[in-house]
Amino acid sequence: MTILDILHFPDIRLRTQAKPVKQFDNGIKTIVADMFETMYKAPGIGLAATQVNIHQQIVVIDISKEKNQPLCLINPKITEKEGLEISEEGCLSVPEYYAEIKRAERITFTAMDQNGQRFEKEADELLAVCIQHELDHLKGKLFIDYLSPLKQQRVRNKMKKLAKKSKK
């Protein structure tokens, strides 16, 4: 397995709209395995393919403390949303920044696994937030897009400083 490079804001490639997966082959299984490996090493609880410069509709998630409940979503779609909640979010593509974001409290979604098997599930709490966050990535949207323009500019400045620091 390979650890993939995670793109960081303001990298324009994070704004790319992901395309649906059409073929379920060993290439997709390799991408999914590499994404899980990358997410666990980061460490994170979710990763969209867009974040690793792969522009296909693939998301990996594992919100368990033990990191033993991997969930792969390919070509995911939210079919129902219910309620509203505000929770603090962070992102592997926007390191060291957290903000309160309003999302649906409960969702129903459909997706396929890495073998092309379609399934439907309901999610709430952290899993619902994580799925909504990662599906935004597939549309080229970041959690900071929900912030005011002033806060977005602060994030942009902070990420530029972090980038300069890491190059030294």
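## R103 and E89

In this predicted model, R103 pairs with E89 in a salt bridge whose closest N and O atoms are 2.7 Å apart; the term denotes a side-chain nitrogen of Lys or Arg within 4 Å of a carboxyl oxygen of Asp or Glu. R103 belongs to strand 5 (residues 94-103) and E89 to strand 4 (residues 85-91), so the pair ties together parts that are 14 residues apart in sequence. Strands are DSSP runs of E with at least two residues, helices are runs of H or I with at least four residues, and both are numbered from the N terminus.

R103 and E89 are both buried, a term for under 20% relative accessible area, with exposed meaning over 50% and partly exposed in between (1.4 Å probe, protein chains only).

## R103 and D136

R103 also meets D136 in a salt bridge, at 2.8 Å from N to O. This pair links distant parts of the chain, as D136 lies in helix 2 (residues 125-138) and R103 in strand 5, 33 residues apart. The relative accessible area is 7% for D136, which is buried, and 4% for R103.

## Other salt bridges

R13 is partly exposed, its relative accessible area being 37%. The count by this rule is six salt bridges.

## Basis of the values

Residues are numbered from 1 along each chain as its sequence is written, and side-chain values use heavy atoms, leaving out hydrogens and water. Local features need pLDDT of at least 70 and side-chain atom pairs count only at pLDDT 80 or more, while totals for chains, interfaces and linings use all residues.
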